Amino acid sequence: MNNRLKEFCIEKNIEIRFNEMMSSHTSLKIGGAADIAIFPNEQRLPEILKILSEDGIPYITFGRCTNILVLESGISGAVIFTDRLNKITNISNDGNITVQSGCSLGKVLTIAVELGFSGMEGLVGIPGSVGGALAGNAGSYGYEMAELVDSINIVSFDGTTKSLSKSDAGFRYRGSNIKPDSIITSSCLALKVADTLSVKKRTTEFLNEKRLKQPLNQPSAGCVFKNPPETFAGKLIEEAGCKGIRTGGIQVSNLHANYFINNNGGTSDDFLRLMDIVSSKVRECFGIDLDPEIKIIGRH
Ligand SMILES: Cc1cc2nc3c(=O)[nH]c(=O)nc-3n(C[C@H](O)[C@H](O)[C@H](O)COP(=O)(O)OP(=O)(O)OC[C@H]3O[C@@H](n4cnc5c(N)ncnc54)[C@H](O)[C@@H]3O)c2cc1C
């Protein structure tokens with residue numbers, strides 16, 4: 001246990017917990033204990049990163065834990081949760097929304113729809129935080145975070161803060177150049193002023209389609225594999241005959257084959273074994289290697 005960190009958190013009234021079970025945070029409901037869990041506000045985050053770095057404590061940042069598989073072995077060091085960075089701090093008439101990174105994408109989308117701001121419609125149903133969506137350039141139905149972000153504020157391992165432009169962030173398909181030891185604290189999203197009714201209609205149509213095609217209400221981490229160039233991972237998995245197969249408590253969804261659902265108390269080992277089986281079958285059938293979209297995290 002690190003006393004300097006603990007004393008700092010107690011003195012500044014920042015929630016800190018020890019041996020925090022990640023399964024209670026992840027959308028998959030899987031994951032062993034993180035040594036330390038910290039829930040800082042934006043003001044104290046730079047000082048916390050400085051202490052962690054100076055004391056040699058590894059750390060990782062999570063938003064809503066909807067795109068990760070945490071191993072049963074747990075996480076060494078600290079997990080920084082962005083739950084307390086959850087405010088929308090400015091909305092301008094011309095469509096700009098400034099938002100802290102822990103705010104849910106769904107909350108921003110709801111406000112955008114109410115105000116008739118267009119640009120996020122296809123992202124409806126993504127359960128992550130704005131920071132997590134930016135770090136991984138989340139997208140769907142042709143909409144991507146990279147398209148709507150104007151600037152991003154980050155804090156680095158040494159406590160320094162910086163503003164990045166869209167091009168600094170180096171967005172690519174399901175990724176960015178934001179370093180794992182940097183934390184997105186807030187961002188400005190630039191949406192377009194449009195007709196409220198048509199923004200609402202498009203958003204509803206996308207959501208209805210997703211509800212029909214994706215298991216939105218079952219424990220999952222979204223798409224397990226990235227789409228290979230010019231095809232869809234889900235289609236390949238389905239055509240390789242993997243829909244519905246299971247290892248232990250984890251099953252390839254019958255609705256969408258790129259979703260693995262935890263419908264019977266599955267473990268990280270079950271999940272990894274199913275990933276292996278599915279990728280081997282796809283390789284055998286099509287000669288294509290699938291690349292994971294989810295982040296696999298845990299001590300080895
Ligand atoms: C039912 C379901 C549907 C989904 N649909 C989609 C979809 O249509 N499209 C899509 O792209 N994804 C989808 N996802 C996956 C996931 O919701 C998104 O990728 C989401 O944006 C991840 O956000 P998060 O806050 O949960 O990130 P987390 O899972 O908490 O973290 C993911 C990664 O981002 C990093 N990160 C998180 N917050 C920060 C921060 N503030 N600063 C720096 N790094 C950070 C983490 O270190 C980690 O590497 C879906 C998931 C589920 C469960």
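Strands β11 and β12 form a hairpin with 5 residues between them, and Gly159 in the turn has a positive phi of about 90°. Strands here are DSSP runs of E with at least two residues, helices are runs of H or I with at least four residues, and both are numbered from the N terminus. The model is predicted: local features need pLDDT of at least 70, side-chain atom pairs count only at pLDDT 80 or more, and totals for chains, interfaces and linings use all residues. Residues are numbered from 1 along each chain as its sequence is written, and side-chain values use heavy atoms, with hydrogens and water left out.

**Hairpin**
- β11 (residues 149–155) pairs with β12 (residues 161–165) in the antiparallel sense over 5 bridges; two strands count as paired if DSSP finds at least two bridges between them.
- Ile154 has Lys162 in β12 as its bridge partner.

**Three-stranded sheet**
- An open sheet is formed by 3 strands in the order β15-β16-β17, with antiparallel pairing.
- β15 (246–247) and β17 (260–262) stand at the edges with a single partner strand each, so one side of each has no neighbour in the sheet.
- β16 (residues 250–252) and β17 are joined by 3 bridges in the antiparallel sense.
- The bridge partner of Gln251 in β17 is Ile261.

**Domains**
- The chain is divided into domain 1 (3–81), domain 2 (88–213) and domain 3 (233–297); these bounds come from an automatic or database domain assignment.
- The C-alpha centres of domain 1 and domain 2 are 24 Å apart.

**Where domain 1 meets domain 2**
- Contact (heavy atoms within 4.5 Å) involves 12 residues of domain 1 and 15 residues of domain 2.
- The two domains bury about 1,100 Å² between them, 62% of it on carbon and sulfur atoms; buried area is the accessible area (1.4 Å probe) that two parts lose on being put together, summed over both.
- In domain 1, Glu42, Tyr59 and Arg64 lose the most area to domain 2, together 41% of what that side buries.
- There are 0 salt bridges between domain 1 and domain 2, a salt bridge being a side-chain nitrogen of Lys or Arg within 4 Å of a carboxyl oxygen of Asp or Glu.
- On the side of domain 1 that touches domain 2, α2 (45–54) and β3 (59–62) each supply at least two residues.
- α2 gives the most to that side of domain 1, with 5 residues.
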